[in-house]
Structures are given as structure tokens and as C-alpha cells.
Amino acid sequence: LMTTRDTDQVMERIETALREVGLLAGADATAICLERTVGGEIDRLAIWTQPSGRPIECEPDDAAVRLLFDRHHAVDDLADAPALAAVVGADNGALLSTPLVVDDRRGAVVLVRRRPGPGWWDSDSDLVRDVADVVGRSLHTAWSERLLGLTYRSGPVAFAMHTWDGELVDCNDRYLELFGVDRAGAALHARWSNLPEPGRVAFEQRLAELRDGVAQHIDLEMSMRHAHGHEICVRTTAAAVHMPGAPESVVLTSYADTTARWHQQRQLEHAASHDALTDVANRTAFWAAIDAMEQRDGQLPHLLTIDLDRFKHVNDSLGHHIGDEVLRTVARRLVRSVRETDVVARLGGDEFAIAVPRSTLMEVEAAADRLRRSVAEPIQIDGRRLTQTVSIGVAASAGSDNATELMVRADRS
């Protein structure tokens, strides 16, 4: 029983074992009854009956069967144990049973004689207990192997096995689908080459902890490269496993695709820090950016405040949809006219601001002139040609103790 992990072979060998145990103990019938995890119904997992005998009546609703799950029974005459007589559907005979446990499922190995006596020997009880133990362990192993096999081969999670040097040992079809490769392509993922460099270094450091026994498993969320060139986000769990006959363990890794969740999280973060109309930074993000610049550079950035001239007239005369498009166009032109290190924000209404770190005052004033010219270019909206100008205030970083003072100085300039 313990030399195979194939479920069908295990069941065949259990049936053979029941027949041999029945013959050794002089029983007319033997059975293995097992309670289902959900619902509590009772299954006759296997049964053997002498050619002249009748099967054991393990009916699903028979409370008597559950009496066998709690302790060992050796009854020489069922007339003395009417509650157990219901198990075999007869008023006489003899019964020998012992509890069987497979994971969290209860059951019993049952032997029956149709006529009372001779009594059960101690060796019969020992034999049945041994059989129950071996059957329980073999079913646990076979069912676990079958469940793991189904999970590995047909489940929704991508799995791969690598040597500690990163050579691919095996992978399932979901792994191939997730990374857009065939098995030949998957074999090229030696040393986790589909991990971008920073993530690969971190992953290999964690693998070293796993190999040295410092960690029992690895649980990371990281970006990996798809065969088509784009990156996908995965939740990765890795553990060391020992393969039968292999000289050393391998790394079993699971990959759950979290790309959609990652994009959703980025969208939420973007929405929380950006103005919904113009897609530039909002007031909260702008103040945070100024604080970060001060922490990084040891000084406040220069600041530009920008107000749209006569914007209320645009809204009142042409409508808010035209005004909104003007705001979007101005925001795009502001972003286009500054450096990537500068931060453009809409503070509200027709008021914008730009934080300019690591620049001279002369460079900031030149940037202000460039912004005025860029915004003043004609705007085409719904067949209309509009010209929008702006007023720009400039505040140098020197002379302000905090961002609030800097903003006040820019507004007054």
C-alpha cells in the first residue's frame, strides 16, 4: 500500500488487503466505511464478501455505523450488542472493527462473521489496527498527491521548479500562459532571467536565505518580464522541496498574476494625487512634493504661481465646457514647458503652481517667460480660436522658512 501514490492502484491494493484480512481472520465480509467531510454522509470505500456471504450494510443514515468511529470493538455475539447489530443488518453474528482516520475524515475497518463465535483473537484485533493505520496513511498520501497533481497541472496558479542555480526543472501550463512562452522558451528563463535586474538581485538574496534554512518560504510581490516585452506583476511564493531520488532539493515557486490589481492600485493612487480635470498634481500632492524637495536638497524649491487672465469671462460667455478645455490645454502646455524634475499642480479654479528645484533665480525667470509664450499660443476649441494669457508670480527659495511663506511671496510678486 505504501509503495504507490497512484489513487487507483491504492484502491485496488486496499480491496486486495480486505480480502486477505478477511480470510486470515475467518470473516464472511469486510469493509472500510468513511465519513464525508461535508455533509457527514458515509461511504463504503471498499468491500469484500465471501462468495456465500452478504455485504455489510453501512447505510449512510445509520447512526450505528458512527459508533464504530469512536473506539475499537470486538463483539463475539451481536445479540449482546443490538446497537451494533444494525451495522450488519442481522441480530446475530460477530463484529470486529477499529477506527480509521484519513486527514479530518473519520471511518472504520469492519470485519463481520454471520454466526457467533469462535471469538476474535487478540491477533485479529492487532491485524485490523495495523491495517487501519496503513490504509489511513496510504489514502492520505495518495489523495494528497492527487490533489497536488491536479493543483500543479490543472490549477489556476502558475508553478515552476528550478535548481538552486536557476535552471528550470519543470513548470505547468499556466506558467507558460502567464509568461507567453512554450516549454523551450521557459527553459531559457535560466537564473530567473525574466526578472528585471533590481528585482532579480532581491529575489536571489531571499533564495539564499531559503537555501541556508534562514527562511522557510519566500513571499514577494514583484514585476517580471513577459515574452512580448511588457512587464507583469506577480505574487510569488517559493519553498524548498525534495524530489524523490534527487540528490538535493529544488525551488518550487508559485506565481499569481496581480497585474490587474496593481494597475487598479496605481489608478487609485493617481486619482488621489492628481487633479481630475487637468491630470496635473493636486494641492495635497503639490505640498508633499515641496516637502520632499526640501528634505532631499536641504532647501525649498523656487515657486511659480500662475493665474489665468480673464478666465471668468471665458466661462460666463462661452460656457463651462469651453472653460474646462482651456484649463486642460493650459495644463498640458505648462507640463510641456518645464523639466521632468519640476512639479506642475492645479491649486483650484484657474490657479496653477510650479515647484522648480535645483535652479538659479535667472533660470526660473527665464522659465516664466517661456511659460507665458507657450500658454499664449492660440487655442482651437469647437471651431473657435481663443487666446489665453497668464499672470505669473515668482518666489525664490531664499527668504522663506516654509512652503506657506513661499506661496505667499509668490502670490504677491
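His162 is buried, with a relative accessible area of 0%, where buried means under 20% relative accessible area, exposed over 50% and partly exposed in between (1.4 Å probe, protein chains only). This residue belongs to strand β6 (residues 158–162); helices (H or I, at least four residues) and strands (E, at least two) are DSSP runs, numbered from the N terminus. The C-alpha atoms of His162 and Thr253 are separated by 8.1 Å, although the two residues stand 91 residues apart along the chain.

The model is predicted, so local features need pLDDT of at least 70 and side-chain atom pairs count only at pLDDT 80 or more, whereas totals for chains, interfaces and linings use all residues. Residues are numbered from 1 along each chain as its sequence is written, and side-chain values use heavy atoms, with hydrogens and water left out.

- Strand β8 (residues 218–225) has a covered face made of Ile218, Leu220, Met222 and Met224, and its uncovered face carries Asp219, Glu221, Ser223 and Arg225.
- In a regular strand the side chains alternate between the two faces of the sheet.
- Strand β9 (residues 231–241) pairs with β8 in the antiparallel sense over eight bridges; two strands pair if DSSP finds at least two bridges between them.
- Five residues lie between the strands in the hairpin of β8 and β9, where Gly229 takes a positive phi near 105°.
- Asp219 of the uncovered face stands opposite Thr237 in β9.

**Salt bridges**

- The structure holds 26 salt bridges, each defined as a side-chain nitrogen of Lys or Arg within 4 Å of a carboxyl oxygen of Asp or Glu.
- Side chains of opposite charge can pair when their charged atoms come close.
- Asp219 and Arg235 meet through their side chains in a salt bridge (2.6 Å, N to O). This pair links distant parts of the chain, with Asp219 in strand β8 and Arg235 in strand β9, 16 residues apart. Asp219 counts as partly exposed at 34% relative accessibility, and Arg235 likewise counts as partly exposed at 35%.
- Asp173 forms a salt bridge with Arg183, and the closest N and O atoms are 3.3 Å apart. Here Asp173 lies in helix α5 (residues 173–179) and Arg183 in helix α6 (residues 183–187), ten residues apart. Asp173 is partly exposed at 43% relative accessibility, and Arg183 is partly exposed at 39%.
- A salt bridge also joins the side chains of Arg336 and Glu377 (3.9 Å, N to O). Arg336 lies in helix α11 (residues 320–337) and Glu377 in the loop between α12 (361–375) and β14 (379–381), so the pair ties together parts that are 41 residues apart in sequence. Arg336 counts as exposed at 54% relative accessibility, whereas Glu377 counts as partly exposed at 38%.

**Negative surface patch**

- Asp6, Asp8, Glu12 and Glu15 form a negative surface patch. Patches are made of residues with over 30% relative accessible area and no salt bridge, like charges being joined within 9 Å and nonpolar side chains (Val, Leu, Ile, Met, Phe, Trp, Tyr) within 5 Å.
- Lys and Arg count as positive and Asp and Glu as negative, while His and the chain ends are not counted.
- Glu15, one of the patch residues, lies in helix α1 (residues 7–25). Glu15 is partly exposed, with a relative accessible area of 42%.

Technical notes: Areas by Shrake-Rupley, 256 points an atom, 1.4 Å probe, with all protein chains shown as cover. Charge placed at Lys NZ, Arg CZ, Asp CG, Glu CD.
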